[in-house]
Amino acid sequence: MYKRQTQSAVVPSPGRLTVSHIAQPLITEFSQTVTGAEIVALAATERPIYSGGFGRHPLYVFTDQGIFVMPQSSSGTFGEAKLMSRKVLDAHTRPISGGGKIWFTSTHQQLCSIEGSKIRVVIPRWQTAAMAWNDAEHELWTLSPDGSLHITDGDGFFSRLTLLSLIHISEPTRLRCIS
């Protein structure tokens, strides 16, 4: 005889980070809670933050209360989440990794980078709709809400490229540009 479940098996927990077992994704290997905050994004470093830390990549946890860092132990588990900064991630963008840094836009519309335990404001006034890292040229590409593309190097020097919409006329060989 089957018993009917009246309660959901999935319990929402906005501040809990759960890592599954590598061979069994439905089995929880490790779980950690960021107390008093809701997790909105995660980002991992491309390489360890100190020499001799092979395989130890800290995890940056972006929450509605700021940025927390979770160190990784030698066994691969994550340690206690510690508040790194009160900067809050802009709700319209996600952090990306590139050039040995984590790039993000804050709620104060600042383009910021994280390298190790330091956060740097690269450009103080910046509106971004989307970001991508160009690894071949070591450039950060950002798309503004107005449709313009900005190409930024790792030091914050940038150029602006405005993309124009193309509209096809009745003949396939004729194009008309409208800005």
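## The two faces of β4

From strand β4, the side chains of L59, V61 and T63 point one way, while Y60 and F62 point the other way, and all are buried. Buried here means under 20% relative accessible area, exposed means over 50%, and partly exposed lies in between, with a 1.4 Å probe and protein chains only. In a regular strand the side chains alternate between the two faces of the sheet. Because 5 of the 5 residues of β4 are buried, this strand is largely enclosed by the rest of the structure.

## Basis of the model

This is a predicted model, in which local features need pLDDT of at least 70 and side-chain atom pairs count only at pLDDT 80 or more, while totals for chains, interfaces and linings use all residues. Residues are numbered from 1 along each chain as its sequence is written, and side-chain values use heavy atoms, with hydrogens and water left out.

## Partners of β4

Strands (E, at least two residues) and helices (H or I, at least four) are DSSP runs, numbered from the N terminus. Two strands pair if DSSP finds at least two bridges between them. Strand β4 (residues 59-63) is joined by 5 bridges to β5 (residues 66-70), and the two run antiparallel. A hairpin leads from β4 to β5 through 2 residues. Within this pairing, L59 has M70 as its bridge partner in β5, and V61 stands opposite F68.

Strand β4 also pairs with β3, again in the antiparallel sense and over 5 bridges. Here A44 is the residue opposite L59 in β4.

## The whole sheet

An open sheet is formed by 4 strands in the order β3-β4-β5-β6, with antiparallel pairing. At its edges stand β3 (39-44) and β6 (82-85); each has a single partner strand, so one side of each is left without a neighbour in the sheet. On average, neighbouring strands of this sheet are turned by 30 degrees against each other, direction ignored. For such angles, axes are lines fitted to C-alpha atoms, for helices over the stretch in contact, and the angles run from 0 to 180 degrees between N-to-C directions.

## A salt bridge

A salt bridge is a side-chain nitrogen of Lys or Arg within 4 Å of a carboxyl oxygen of Asp or Glu. By this rule the structure has 1 salt bridge. K82 forms a salt bridge with E80, with the closest N and O atoms 4.0 Å apart. K82 counts as partly exposed, at 47% relative accessibility, and E80 counts as exposed, at 54%.
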